[in-house]
Amino acid sequence: KGAGTVGQTYAADGYETTFGAADSGMNIDATIIGGGTASIADDAKLHFINATMTATSSVYGAGVAAAGETYTADSVAIDFTGTGMGAKALVCAGGKGAAGASIEVGTITVTSSASGDMGILYGGADLTDGGSFKAGTVTTTISGNGNYLSFVGNGCRNGNTAATGVTTNIGTSSVSISGGTFQNLVYGGAYAAGDNVSCGTANMTISGGTFNFSVYGGNGGKSTSTTQQGKSVVGSVNVTIDVTGDNTAVFNRHLSSGSFGDGTVSGGTHITFTGNGANLIFGENSYVSGSSQNAWHIGGVWETFVGEDTGRDERFLTFDSFTGDFKGSLSNGFTNVSFSSDSSVVFKGAIESDLLYTSVWDFAVGGGSSALLDWGQATNGRNSFAGDDINLTLEDGFSGSKVLVDAGSNASLLNGWDKATVTLGGGTMT
């Protein structure tokens, strides 16, 4: 409790340390180092309760590695409750490394239910020239109604500076968001600090929150140049948007299961929507895509790709128990589209609903009078079933008829249906 000293550095040296309290809080003008300056084998834990940075300062969850040195830690955990850390705070859960330093952490866990401003938050480290960061698992969980000025996922800082020779390697990156407002790009994978960034698997679950900038389930690339393609690679990406019950999510810009900038995906991308369409809000110009940024279409022509994902043949869009309007514009980047039997989806994207290059359709067929997909109300819908695989999985006891796709007055959406390959499987019809 109490006030810190301006310019002070507080090294917790791997112990469990609490700053602030529920009844009084704390003003901090100091740099906080959870792991201290020596490698630790035990857990380093930092708790911030109503603690606010009153000057531009930093929190490093792991330790600080000097030039050319190696810092290791088994695990690091940071949590924020009560008021936020303030707009001036910089939090790097993975520590800080000077030029040529190496930081290795087994597990990093960041949890925030803060209600006020949160400045800059990274799940990874703060690196500079020749530095490297490696973590087995980085998990960030955000809830509450905080205002996040810059949460850039589980990667490292300095991605947009002149730092060179920087390497980031994360085994599994997981981001779970159920509340808050986000004012900048959000990534489910690793943010690119330097030249070489890799992430084995990126998992992102969003069940609430307002996103005023774009959301990418994959990595954040350093450059938007297609010549830098492949320097930020994530193996596979899994994104779930859960708007069941009272969960409400607002996307005012783009939502992609791919990567940003020069980031690519070497495996498949998966994005699943579940819940009530009334709780899923898109901005007027919001797109939903399964491709990385540099694999998006040029001038509206999808036959021309730049910076293609090497795994671009496996981009899945799934509606699982989703009912109601889907107002995100689909800029085609999906090879596979699936509907569960209890879904009833109405495409209402304001700009386009483009699935022209989708080649695999999976429909689970059950009861109910509504079509699995009502496409007739969409703007600029494009599709052709010619050459596609249409897989029908019947629920046990299914009887009667079921509309799979209702094209309304736009018959062109059903083009090529007689040239598709239909496979019937599942339960027994009665």
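Tutor: Two strands pair if DSSP finds at least two bridges between them. Keep in mind that this model is predicted.

Student: How many bridges join β25 to β28, and do they run parallel or antiparallel?

Tutor: Seven bridges join β25, residues 269-276, to β28, residues 315-326. The two strands run parallel.

Student: Which strand holds the residue opposite F319?

Tutor: That is β30, where F339 stands opposite F319. Strand β30 covers residues 336-339. Four bridges join β28 to β30, and the strands run parallel.

Student: What is the bridge partner of D325 in β31?

Tutor: D325 has V346 as its bridge partner there. Strand β31 spans residues 344-347. Four bridges join β28 to β31, again in a parallel run.

Student: Now the surface. Which residues form the negative patch?

Tutor: Asp and Glu count as negative. Here D320, D342, E395 and D396 form the patch. Take E395: its place is the loop between β36 (389-394) and β37 (405-406).

Student: Is G97 buried or exposed?

Tutor: Buried means under 20% relative accessible area. G97 has 4%, so G97 is buried. This glycine sits in β12, residues 96-97.

Student: How many residues apart are G97 and T70 in sequence, and what is their spacing in space?

Tutor: In sequence, G97 and T70 are 27 residues apart. In space, they are 8.7 Å apart, C-alpha to C-alpha.

Key: Residues are numbered from 1 along each chain as its sequence is written. This is a predicted model: local features need pLDDT of at least 70, side-chain atom pairs count only at pLDDT 80 or more; totals for chains, interfaces and linings use all residues. Side-chain values use heavy atoms; hydrogens and water are left out. Patches are made of residues with over 30% relative accessible area and no salt bridge: like charges are joined within 9 Å, nonpolar side chains (Val, Leu, Ile, Met, Phe, Trp, Tyr) within 5 Å. Accessible areas come from the Shrake-Rupley method with a 1.4 Å probe; for residues, only the protein chains shown count as cover. A salt bridge is a side-chain nitrogen of Lys or Arg within 4 Å of a carboxyl oxygen of Asp or Glu. The place of a charge is taken as NZ of Lys, CZ of Arg, CG of Asp or CD of Glu. Buried means under 20% relative accessible area, exposed over 50%, partly exposed in between (1.4 Å probe, protein chains only).
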